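Here are my notes for your first read of this model. Keep the structure open beside them and check each point as you go.

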Amino acid sequence: MLINFLKYSILSLVLSSNPIEKNIVETAVSNDNFSTLVAAVQAGDLVDALSSEGPFTVFAPTNDGFNKLPEGTLGTLLKPENKGTLQSILKYHVVAGKFMAGDVVKAINDNGGEFAVETLQGNKLTLKLWDGSVYVIDAKGNKAKVVIADVDTSNGVIHAIDNVVLPE
C-alpha cells in the first residue's frame, strides 16, 4: 500500500512540473507511467485529436491499469485490424470540456451521489464518490479509482485512473 502511495506521489510530482505548457498527449508522453496509453493513442491514430484545442477531460489509465486487462487483450487491441475497437475504448475515456476535481465532486454531490457524463465515444460514464475518492464506473459496472486528479494541460485536464473502463 505504501509503495503504491509513493509511486503515485512521485507520478503526481512529475506530472505537476509545469504541465500547463504541454497538451494532453505531450503530458502523457513525458511520463513513463502512461507509456501504454501513449502506445494505444498512437495505434488508434488519436494523437492529433487529443492534441487539438479541446478542452478535454481525460480519465487516463496508468500502465498498472492497462495491466489489469485480461492477458492478450492489449496486444490484440493494438493490432491495425482492431483500430476501430481501440478508438472506441480510448474515446470512452474522454469527455468534452474541462472538469477539475472540485467540479466533479460538486456535480456528484449536487446530483444525489452520482453524475453521468457523456464521453466522446457516445456512451456514458458514471462518476461516484466512495471513501473520499472519485470512481469512474463503466456501462458494465466496472470501476476505476481516480488516483491522481487535476493534471492541468494546455487543452484540458487529466485524471489518472487505476483501471481501464470499457463501453458496452
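How many salt bridges does the count come to?

1. **Salt bridges.** The count comes to 5 salt bridges. The rule asks for a side-chain nitrogen of Lys or Arg within 4 Å of a carboxyl oxygen of Asp or Glu. Before going on, note that this is a predicted model: local features need pLDDT of at least 70, side-chain atom pairs count only at pLDDT 80 or more, and totals for chains, interfaces and linings use all residues. Residues are numbered from 1 along each chain as its sequence is written, and side-chain values use heavy atoms, with hydrogens and water left out.

2. **Asp45 and Lys83.** One of the salt bridges joins the side chains of Asp45 and Lys83, at 2.6 Å from N to O. Asp45 sits in the loop between H3 and H4, and Lys83 in helix H7, so the pair ties together parts that are 38 residues apart in sequence. Helices here are DSSP runs of H or I with at least four residues, strands are runs of E with at least two, and both are numbered from the N terminus. Lys83 is partly exposed, with a relative accessible area of 31%. On this scale buried means under 20%, exposed means over 50%, and partly exposed is in between (1.4 Å probe, protein chains only).

3. **Lys106 and Asp110.** These side chains meet in a salt bridge of 2.5 Å, N to O. Both residues are in helix H8, 4 residues apart, which is about one helical turn. Lys106 is exposed at 52% relative accessibility. Asp110 is exposed at 51%.

4. **Glu114 and Lys128.** Here the salt bridge spans 3.2 Å, N to O. Glu114 belongs to strand S3 and Lys128 to strand S4, so the pair ties together parts that are 14 residues apart in sequence. Glu114 is partly exposed at 38% relative accessible area. Lys128 is partly exposed too, at 23%.

5. **The sheet.** Which order do the strands take? There are 7 strands in an open sheet, ordered S2-S1-S7-S6-S5-S4-S3, with mixed pairing. Two strands pair if DSSP finds at least two bridges between them. The edge strands are S2 (94–96) and S3 (114–118), and each pairs on one side only. The twist averages 30° from one strand to the next. Helix H8 (residues 101–110) packs on the sheet and touches S3, S4, S5, S6 and S7. Its direction makes about 90° with that of S4. Axes are lines fitted to C-alpha atoms, for helices over the stretch in contact, and angles run from 0 to 180 degrees between N-to-C directions. Contact means heavy atoms within 4.5 Å.

6. **Strand S7.** Is S7 buried or exposed? Of its 6 residues (156–161), 6 are buried, so the strand is largely enclosed by the rest of the structure. Gly156, Ile158 and Ala160 are buried on one side, and Val157, His159 and Ile161 on the other. S1 (residues 56–61) runs parallel to S7, joined by 6 bridges. Phe56 stands opposite Gly156, and Thr57 has Val157 as its bridge partner. S6 (residues 143–153) runs antiparallel to S7, with 5 bridges. Val146 stands opposite Ile161. S6 and S7 form a hairpin with 2 residues between them.

7. **The cores.** A nonpolar core is a set of buried Ala, Val, Leu, Ile, Met, Phe, Trp, Tyr and Cys residues joined through side-chain atoms within 4.5 Å. The largest one has 26 residues. Among those with the most contacts inside it are Phe34, Leu37, Val41 and Val58. H3 gives the most to this core, with 4 residues. Apart from it lies another core, of 14 residues, including Tyr92, Val104, Leu127 and Ile161.

8. **Helix H3.** Its buried residues are Thr36, Leu37, Val38, Ala40 and Val41. What covers them includes H2, H4, S1, H5, H6 and H7. Not counting residues up to four places away in sequence, Val41 touches Leu46, Val47, Leu50 and Leu90.
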